[in-house]
Amino acid sequence: MKALIETYRKLWSIIPLYKSNFCMIILSKIFATIASVFIPISAANIVKYLTINDYQSTSLWIFYFFLATTLKVFFYYFNYYGAAKDSQYCYTNLKQKCYDKLSTYDLEFTKTKNIDEILQATSSDIWKVVELNDNLSDVIITFIKILVVIALVATNSLFLGALVLIFSLFYLIVTCIFNNKVIEYLHKQRKYQDKIAGILIEEMESLEEMKAYNMEDKYYQHFLQANNKFCDNYGKKRRYADLQSNFSQLILELGEIAIYLVTLFLLFKGEYTVDKIVLVIGYFSMLTSDLKYMLESCIKAMINNKISVERIYDLFQYHPKKIEFGSDTTDDIEGSLEFKHVYTSYGNKKVLQDVSFVVKPKELTAIVGRSGSGKSTILNHILRLYQPTSGVILIDSKDIFSYQENIYKANVSVVTQKSLLFNMSIHDNLSLVDRNTTHQQEVCQTLGIEEEILALPQGYQTMIEENGANISTRLKQLLSIARCLLTKAEILLFDEITSSLDRETTLQVIKVLKKLAKTHTVILITHKKEVMDQVDHLIVINKGRKVADGTVESLQNDPYYLDLKNSKSLE
Ligand SMILES: Nc1ncnc2c1ncn2[C@@H]1O[C@H](COP(=O)(O)OP(=O)(O)OP(=O)(O)O)[C@@H](O)[C@H]1O
Ligand SMILES: [Mg+2]
């Protein structure tokens, strides 16, 4: 019970209850319930007046019977309408909120959250939680209805009322005991289901290594173990679910037999009439279907979907560190960049320590260093994704945080190794930055890829398949650069964009970057010797500190630079 209250508290904190709609659901259900309680009363009175040949009253009760049935259908229509409206409201709002929230999150977020979990929370979980308000209204009304029906039976016969109450309680207890077991194994089953999904994803991502190291059989054992546990828990869950439905059914059937026997006994003793039997039996069958609906559908759905509410709630609980931007709208940025005694930590880990350097505009600068030395962190700082713990970063001698957000974004752009292209045409991919076809063509000409694009079956309209599977890695990388150039940014950042390219293509890309450096500030991160040899300015980072800085010639005897150049792992 406490857990369910907590679930609803979380649900309403992420999506406030649509109160007017909830009232409509509740009110229509109350009226539908009153109408449905009236149906057995009408049926009993029809029988009563038929047996005494009072045809006028019989016709009147037949009319009431149809009226109650029609009203019940009428109010249920409004109830379904309200429930559908509520689901739609929850679904659209939650989807929108998830999207808004995710777009405000910083890089830390994906480091602390599992991508599968995020995907589940933003897709299937939303479907599951949208029904929860409807489930709640059903439980409230059905519970009240059950109490009213028991009271109505008790007004006819106290003994029968007590009997109905006992069987209802018995049903409630047995169902709850078995349901708890079902839920326990369902959660275990889900845990192994997620594990199996993870194993399959890992397998797909590492097929080459699997085959190369001949790991398939051992990995298959790993899968089998998880699968056996899944099947084991699934079997147990099914067993308890079957036991629950059989036992619960048995209790209700025994209850029905008991009520038949008692009412018949009373009838023979002359203490009861046929119409009262019709009434009591009518109420009891209403009660059994209500009990089943409340416990086996509504409450079960509420408990099962608790985990979905929690996943979405956790997603919303993440608060990115707030970074304040200034209001400087100077747009004619020249592009000189300076780090002044910059220190940065991730938690307790010191990542950058006293880093100072100057990057001049219209130069090709490379940041080099061993893996984990802090190179990408420097680029992330330039992109203002993090704030230094201390020290300042200046562009054109002004603190980067003083620039207004849009101005800054328009002047600093980045391309990473991932060369992210979307599953849309080349034209549409470039249009995400600039729709102008002439601009797109100019940029592609500058990068020397226009001929290659026009040679594709549909030129600029060629659809890029998922992960860019239908175009070469070189074209993929150059299209990402094209998109970066379309931003018209003055400062261009490239994080290991040549790492998956062969030597020849790397040299072609470097040629393009050198050309760009004539008009822009270009900073790249590289591990490749052939790239280091081509740049105007090298900044060497080691364990978060800048250890050398200068032209390639001036660093020829620098031990850190020589160490990097001679390192085998760089080849
Ligand atoms: N968000 C983060 N939270 C905690 N630690 C982080 C985070 N991002 C990076 N680090 C750590 O900071 C250090 C510097 O990381 P960074 O990615 O800047 O290195 P890098 O020089 O770019 O390495 P590589 O050449 O492998 O890309 C590493 O030890 C890394 O594990
Ligand atoms: Mg890096």
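What follows is a dialogue on a predicted model.

Author: Let us begin with helices, since two packed helices are described by the angle between their axes and the distance between the axes. In this predicted model, helix α7 (residues 132-156) packs against helix α11 (residues 274-304) with an angle of about 155° and the axes 9 Å apart. Because angles over 145 degrees count as roughly antiparallel, α7 is roughly antiparallel to α11.

Reader: Which hand does the crossing of α7 and α11 have, and how do the residues of their contact divide?

Author: The crossing of α7 and α11 is left-handed, and their contact is made up of 19 nonpolar, three polar and four charged residues.

Reader: At what angle does α8 pack with α11, and how far apart are their axes?

Author: Helix α8 (residues 158-205) packs with α11 at an angle of about 20°, the axes being 11 Å apart, and because angles under 35 degrees count as roughly parallel, α8 is roughly parallel to α11. The crossing of α8 past α11 is right-handed. On the α8 side the contact includes L160, V164, Y171 and I183, while on the α11 side it includes V280, F284, L287 and K300. Sorted by class, this contact of α8 with α11 holds 11 nonpolar, four polar and one charged residues.

Reader: Turning to the cores, which residues of the largest nonpolar core touch the most other members?

Author: That core has 56 residues, and those touching the most other members are A366, I367, A482, F494, L513, V522 and L538. Helix α18 (residues 473-486) contributes the most to this core, with seven residues. To follow one member in detail, I367 touches K375, I378, I523, I525, I539 and I541, once residues up to four places away in sequence are left out. Another core, of 38 residues, lies apart from it, and W61, C98, A121 and V309 are among its members.

Reader: Finally, where does N53 lie, and is N53 buried or exposed?

Author: N53 sits in the loop between α2 (19-51) and α3 (55-104), and its phi is near 55°, a positive value in a residue other than glycine. N53 is exposed, because 7 other C-beta atoms lie within 10 Å, and 12 or fewer is the cut-off for that class.

Reader: In which strand is H341 found?

Author: H341 is found in strand β1 (residues 337-346), and its phi is near 45°, which is again a positive value in a residue other than glycine. H341 also counts as exposed, with 12 other C-beta atoms within 10 Å.

Methods
Residues numbered from 1 in each chain as written. Chains lettered and ligands numbered in written order. Predicted model: local features only at pLDDT ≥ 70, side-chain atom pairs only at ≥ 80, totals over all residues. Axes fitted to C-alpha atoms, helices over the stretch in contact; angles between N-to-C directions. Helix = DSSP H or I, 4+ residues; strand = E, 2+ residues; numbered from the N terminus. Parallel < 35°, antiparallel > 145°, perpendicular 65-115°, else oblique. Left-handed = near helix turned anticlockwise from the far one by under 90°. Nonpolar A, V, L, I, M, F, W, Y, C, P; charged D, E, K, R; others polar. Core = buried A, V, L, I, M, F, W, Y, C linked by C-beta atoms within 7 Å. Buried ≥ 20, exposed ≤ 12 C-beta atoms within 10 Å, placed from the backbone. Contact = placed C-beta atoms within 7 Å.
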